[in-house]
Amino acid sequence: MHDRTATAKLTFGKPPELKGQARDLRIDACRGIALWFIFLDHVPNNIGSWLTLRNYGFSDAAEVFMFVSGVTCALAYRKALRFEGWTGVVRRTLRRSWDIYVAFLLLTIGCVILVHLAGGGRLADESNTRILLDHPGEKLAQAAVLLYRPVNTDVLPIFVLLHLSFAPLLWLLLRVPNVTLGASLTLYALVHVFGWTVPGPNGHWAFNPLAWQLFVVLGAWWMIEDRSVRPWVTSRTARALAVLYLLLSLIIVLSSHIKPLDALIPQAQSQLLYPLDKSNLHPLRLLHFLAIAVLAAWFVPRDWRWLKTPVMRGAILCGQNSLPIYCVGVLLAFASHMALLDISEGLAMQIALSLGGIGAMIATATLLSLIDTKPKRQS
């Protein structure tokens, strides 16, 4: 979710060059891979989810996606600030919020259409769309004010709210970055102490905005304070602590699937530690992501040669078109769930749907990039 400013050169007979060659392509690659992982995790009982983060530690792709979105917001809106001033920043944040809001409403309608075509049934119950089919007027009105959300669409309303508040957040980060991060951490702590949340029809958000705001603030702060943060992040102490924590979380999570590992972790402690509360962003999930970020910052340089491989080029294209690709991924997850319920739940079908879904996301991102470059090339 970013403001695209650079264009790609389109050459007949060759794949399009990736947009924004001056930008840090690691950011787009991380976001694209996170989108793939989110799709795989959204398909129930899918063997493809074993490729994602959630089966090997406390956090999953949602943390990556939220953090990288904070990074890209800081990059895009700081650039807008240099060329257009604060008026331009406010205008762009409002426009981006509107884009996400419209995408959320269209995605909600798309999900209910898919469920209706599937005949409702079990899929309608598991996707939280039966209530919309039964009470369309009431639930569409609630969706319009972000109070009704089908399964897997919850992240979009959060981004609507966060983009609306990003202009004042950026103002604070550029003047008192550490104080701003401290305020965000304080709000996060108060959520866990007092159970604060944003009101809703049932009082529950899959992603409590008051807790998950920390990842967007943290990502923006990390980008703004990069020079002062990097020496600590790349230190031996930070790397050693990160490795130890990742190993511990790996053992705890895998102990629920692999019997021999069960003996290493007492059952009472294992049940206490995993699974962790995702809605309010359990502190151990936060620490797990930070450990991943520390190792990624050290192992993956800006000129990482793997970024030029076809697979990573596909991830970059998906990351550069994150809003439409996220929506496509949600619809593909619904369609895949329908196929598993109505056709076959076999291993071959799971693999085919996983690979086909990621291929469709890459194809869509490539098409969007081609459409985006053609008018600019002609002009």
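Handedness first: I call a crossing left-handed if the near helix is turned anticlockwise from the far one by less than a right angle, and right-handed if clockwise. Helices (H or I, at least four residues) and strands (E, at least two) are DSSP runs, numbered from the N terminus.

Ground rules: this is a predicted model, where local features need pLDDT of at least 70 and side-chain atom pairs count only at pLDDT 80 or more, while totals for chains, interfaces and linings use all residues. Residues are numbered from 1 along each chain as its sequence is written, and side-chain values use heavy atoms, with hydrogens and water left out.

**Entry: α11 and α14**

I looked up helix α11 (residues 236-254) against α14 and got axes 9 Å apart at an angle of about 130 degrees. Axes here are lines fitted to C-alpha atoms, for helices over the stretch in contact, with angles from 0 to 180 degrees between N-to-C directions. The two helices are therefore oblique to each other; under 35 degrees would be roughly parallel, over 145 roughly antiparallel, 65 to 115 roughly perpendicular, and the rest is oblique. The crossing of α11 and α14 is left-handed.

**Entry: α9 and α14**

Next I took helix α9 (residues 209-224), whose axis comes within 13 Å of that of α14 (residues 283-299) and crosses it at roughly 25 degrees. That makes α9 roughly parallel to α14. This crossing is right-handed. For contacts (heavy atoms within 4.5 Å), I noted Leu-214, Phe-215, Leu-218 and Trp-222 in α9 meeting Leu-286, Phe-289, Leu-290 and Ala-293 in α14.

**Entry: salt bridges**

I searched the whole structure and found 13 salt bridges, each a side-chain nitrogen of Lys or Arg within 4 Å of a carboxyl oxygen of Asp or Glu.

What does Asp-60 pair with? Arg-285, with the closest N and O atoms 3.1 Å apart. The pair links distant parts of the chain, since Asp-60 lies in the loop between α1 and α2 (61-117) and Arg-285 in helix α14, 225 residues apart. Asp-60 is buried at 9% relative accessible area, and Arg-285 is buried at 5%. My cut-offs: buried is under 20%, exposed over 50%, partly exposed in between (1.4 Å probe, protein chains only).

I also checked Asp-28 and Arg-31, which meet at 3.6 Å, N to O. They are three residues apart in helix α1 (residues 25-42), about one helical turn. Asp-28 is buried at 0%, and Arg-31 is buried at 0%.

Last, Arg-130 and Asp-125 meet at 2.5 Å, N to O. Arg-130 is partly exposed at 31%.
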